[in-house]
Amino acid sequence: MLAGVLRANTTLTQLDFDGESLPDDDRLILGKAILENEHGKLGLCDNYGLKESQSSIEFDLKNKEHVRSTRSWCLLAGFLKANRTLVSLTFHSLGPEHVEYLAIALRGNKTLKNVFLEAKDKAEGTKDRKLKLDLQALTGSYGVKHVDLCPSLKRDGSSKGAELFKELLDNKAMCTLIGELVAKNTVIESLCLNPGQGAEGGRVLELMQACKSSALSTLNLNGIGLGPRGSPQLFENLNAGMCANLTKLCLAGNNLQDAKLDNLVAALSNDQCNLTSLDLSKNNVTGVLVFRDRKSTRLNSSHSQDL
């Protein structure tokens with residue numbers, strides 16, 4: 001009965017409960033109800049530390065005191081969607097199991113400005129890295145056409161290594177979340193990000209499949225270090241029709257090699273691939289393979305010279 005009320009109520013702003021007496025299954029049901037309420041205002045809960053006039057908060061998603069299970073996480077996500085006091089939100093230990101409900105919550109929150117994703121530095125396990133996301137730019141609420149999550153990268157793919165590392169989306173949950181946040185954005189045109197080097201970076205299209213329903217047309221992966229390990233995976237996914245919304249792909253300065261371009265050639269000849277512009281500058285490629293079947297590709301001649 002309570003779930004039905006929360007699904008429709010537009011006046012309630014705070015709900016507190018006896019934490020030990022509310023089972024995880026019930027938290028899941030209540031959380032889904034709040035997430036489904038398009039006009040709900042229920043964003044305050046003492047159990048999660050969400051208090052009136054509070055502008056920022058942090059959650060460790062592996063801390064059982066914050067989120068004791070994936071099912072209970074849904075309830076917290078519901079409160080975050082309807083919260084109208086927070087302007088800054090930080091998450092530690094974001095995992096794939098958190099992305100679905102978090103994306104729904106963040107897309108539905110029109111007042112939250114900055115979301116920080118914090119992760120352990122793999123090289124130095126005692127340090128944390130914090131990636132800043134301009135939430136409303138990603139979701140389209142601000143009308144921003146060009147979103148840059150990797151400002152340290154230059155157009156030719158060069159960068160300062162230390163700064164580039166700080167902007168790294170170093171796990172699949174982060175990339176998947178970006179795709180989900182952009183999914184319903186009807187104004188975004190281009191996105192620049194760093195999904196990681198080698199094979200990890202090569203999975204970016206697979207992880208960001210949700211963005212295929214958005215207006216995103218240009219993906220900038222310049223200088224992320226795909227190399228001979230990441231490029232075959234990227235081009236294989238491109239050939240499979242992943243992120244078919246993309247018409248421009250920027251891959252400058254990625255240490256690409258002719259010997260690893262077979263999947264790219266196949267993709268450019270595939271009707272599922274809609275690329276018309278491709279930047280392969282600052283790489284170890286001659287362009288011979290890319291243009292060997294030029295008649296079957298749709299590459300714009302002015303951009304396809306960037307080899």
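Visitor: At what angle do helix H4 and helix H7 pack, and how far apart are their axes?

Guide: Keep in mind that this is a predicted model. Helix H4, residues 96-108, packs against helix H7, residues 172-182, at an angle of about 30°, and the axes lie 9 Å apart.

Visitor: Why are H4 and H7 called roughly parallel?

Guide: Angles under 35 degrees count as roughly parallel. The angle here is about 30°, and therefore H4 and H7 are roughly parallel to each other. As for handedness, the crossing of H4 and H7 is right-handed.

Visitor: Which residues of H4 and H7 meet?

Guide: From H4 come Pro96, Val99, Leu102, Ala103, Leu106 and Arg107, and from H7 come Lys172, Ala173, Thr176, Leu177, Glu180 and Leu181. By class, the contact of H4 with H7 holds eight nonpolar residues, one polar and three charged.

Visitor: What makes H7 a mostly covered helix?

Guide: Eight of the eleven residues of H7 are buried, where buried means under 20% relative accessible area. The buried residues are Ala173, Met174, Cys175, Leu177, Ile178, Gly179, Leu181 and Val182. For the whole chain of 307 residues, 50% count as buried.

Visitor: Let us turn to H2 and H3. What makes H2 roughly parallel to H3?

Guide: The axes of H2 and H3 come within 7 Å and cross at roughly 30°. With the limit for roughly parallel set at angles under 35 degrees, that makes H2 roughly parallel to H3. The crossing of H2 and H3 is left-handed.

Visitor: Which residues of H2 and H3 make the contact?

Guide: In H2 they are Asp24, Asp25, Arg27, Leu28, Leu30, Gly31, Lys32, Ile34 and Leu35, and they meet Arg71, Ser72, Cys74, Leu75, Ala77, Gly78, Phe79 and Lys81 in H3. The contact of H2 with H3 divides into eight nonpolar, three polar and six charged residues.

Visitor: And how do H2 and H4 cross?

Guide: Their axes come within 10 Å, with a crossing of roughly 35°, and the crossing of H2 and H4 is left-handed. Leu28, Lys32 and Leu35 of H2 make this contact with Tyr101, Ile104 and Ala105 of H4. In the contact of H2 with H4 there are five nonpolar residues, no polar ones and one charged.

Visitor: Now the rings. What makes Phe17 and Tyr48 an edge-to-face pair?

Guide: Rings pair if their centres lie within 6.5 Å, and planes over 60 degrees apart count as edge-to-face. For Phe17 and Tyr48 the centres are 6.4 Å apart and the planes stand at 65°, and the pair is edge-to-face. Phe17 sits in the loop between H1 and H2, while Tyr48 sits in the loop between H2 and S1, 31 residues apart. Both Phe17 and Tyr48 are buried.

Visitor: Why is the pair of Trp73 and Phe91 edge-to-face?

Guide: The ring centres of Trp73 and Phe91 are 6.0 Å apart and the planes are at 85°, so this pair is edge-to-face. Trp73 belongs to helix H3 and Phe91 to strand S2, so the pair ties together parts 18 residues apart in sequence. Trp73 and Phe91 are both buried.

Visitor: How many aromatic pairs does the count come to?

Guide: The count comes to four. One aromatic cluster is formed by Phe17, Tyr48 and Phe79.

Terms used:
Residues are numbered from 1 along each chain as its sequence is written. This is a predicted model: local features need pLDDT of at least 70, side-chain atom pairs count only at pLDDT 80 or more; totals for chains, interfaces and linings use all residues. Side-chain values use heavy atoms; hydrogens and water are left out. Axes are lines fitted to C-alpha atoms, for helices over the stretch in contact, and angles run from 0 to 180 degrees between N-to-C directions. Helices (H or I, at least four residues) and strands (E, at least two) are DSSP runs, numbered from the N terminus. Angles under 35 degrees count as roughly parallel, over 145 as roughly antiparallel, 65 to 115 as roughly perpendicular and the rest as oblique. A crossing is left-handed if the near helix is turned anticlockwise from the far one by less than a right angle, and right-handed if clockwise. Contact means heavy atoms within 4.5 Å. Ala, Val, Leu, Ile, Met, Phe, Trp, Tyr, Cys and Pro count as nonpolar, Asp, Glu, Lys and Arg as charged, and the others, Gly among them, as polar. Rings of Phe, Tyr and Trp (its six-membered ring) pair if their centres lie within 6.5 Å; planes under 30 degrees apart count as stacked, over 60 as edge-to-face and the rest as tilted. Buried means under 20% relative accessible area, exposed over 50%, partly exposed in between (1.4 Å probe, protein chains only).
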